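These exercises ask you to read a structure with care and to work through each solution in steps. Have the sequence and the 3D view open while you follow them.

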Amino acid sequence: MPNALWSKVEVIRVLLLVRNGFVNEQQVDKAITKFVPQLGRDVVRVRYEISTDWVGDPAIFFRVVLTDQAAREDRLGKVTTRIRAALRDKLKPFERWGLYPFIHFRSKSEQDSMKEESWS
Amino acid sequence: MAFADDLLEQAQHLARREPKRPRQASLRRAISTAYYALFHLLTTSAAANWKQVGQRADLARAFEHSRMKDASRKIANRQFRRQAPAVVTRLIAVANTFIDLQQDRHAADYDSTRRWSRAEVLGQIHQAAIAFDDWKAIRKEQIAQDYLLSLLIKDRP
């Protein structure tokens, strides 16, 4: 794991994660719950999961359900770009908790049809 | 960069292949293809710096996915000084998109429980298309060239 190739930023990040007992999930939940309304009317709800990415680095996976209007193909690009930027640059999960954000989107009608619990 | 552009177009085609009920196979291949489009855009750009044209294809095969992820994370978290903010913003966007698509590609190719929706896939492909535009705008900048090198070569201890 840790080796001389790690940058100072990564070493500091890992030390913070250890000191905090990985991350304080209550703190994360509180911050996300407070932040979500700022994403606006295009968003029906946001779910998330703290886990690791494919190489084992700490990550947070956001599942954003959009209104059908926001998920229309002529709007989807702009809407997802805006929400992605807000979650990454304003919520700052990496800087605050050392969790790299992965953000995925689904329309309300898609979720109604797919009925996946993790998106409900 | 014709091959990378073709892959991106193919990803868009796959995502829209079934107009009403998209097949998971099409959506998974669309995600994977979008990742490889960006992968090839970057590796081909790096290999193009190699003077011996006949060796470029071999050089492009030397890139490793995990190494490229590490390099992209360093870019995304690095403080750039004395660099044009617009160039930095575009480079960080490219690096973040590479990390995102690589994670998605892993899930699309290996996680059989993961289900994808068309909006989700089109959103990721849109992000890839923006990364293409960003890269084409900054590829001659020094920090973009430094990024290419970091994708291939490990940091020294």
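**Exercise 1. Describe the contact between chain B and chain A, and find how much area the two chains bury.**

Begin with the residues: the contact (heavy atoms within 4.5 Å) takes 32 residues from chain B and 32 residues from chain A. Before going further, note that this is a predicted model, in which local features need pLDDT of at least 70 and side-chain atom pairs count only at pLDDT 80 or more, whereas totals for chains, interfaces and linings use all residues. Residues are numbered from 1 along each chain as its sequence is written, chains are lettered from A and ligands numbered from 1 in the order in which they are written, and side-chain values use heavy atoms, with hydrogens and water left out.

Next take the area: the two chains bury about 2,700 Å² between them, 52% of it on carbon and sulfur atoms, where buried area is the accessible area (1.4 Å probe) that two parts lose on being put together, summed over both. Arg73(B), Gln103(B) and Arg115(B) supply 23% of the area that chain B buries against chain A, more than any other three residues.

**Exercise 2. Find the salt bridges and polar contacts across the interface, and say which elements of chain B take part.**

First, the rule for a salt bridge (a side-chain nitrogen of Lys or Arg within 4 Å of a carboxyl oxygen of Asp or Glu) finds six across this interface. One of them joins the side chains of Lys69(B) and Asp53(A) at 2.5 Å, N to O.

Asp57(A) and Arg73(B) also meet through their side chains in a salt bridge, at 3.2 Å, N to O. Asp57(A) lies in the loop between S1 and S2 of chain A and Arg73(B) in helix H4 of chain B, so this pair joins two chains.

Then look at the elements, which are DSSP runs numbered from the N terminus (helices are H or I, at least four residues; strands are E, at least two). Helix H4 (65–77), helix H5 (85–110) and helix H6 (118–138) of chain B each give two or more residues to the side that touches chain A, and H6(B) gives the most, with nine residues.

Finally, there are 18 residue pairs in polar contact across the interface, both residues at pLDDT 80 or more; such a contact is a pair of N or O atoms within 3.5 Å, and within protein one must be able to donate a hydrogen and the other to accept it, while residues adjacent in sequence count only if both atoms are side-chain atoms.

**Exercise 3. Work out the strand order and pairing of the sheet in chain A.**

Three strands form an open sheet in the order S1-S2-S3, with mixed pairing; two strands pair if DSSP finds at least two bridges between them. S1(A) and S2(A) run antiparallel, joined by nine bridges, whereas S2(A) and S3(A) pair in the parallel sense over eight bridges.
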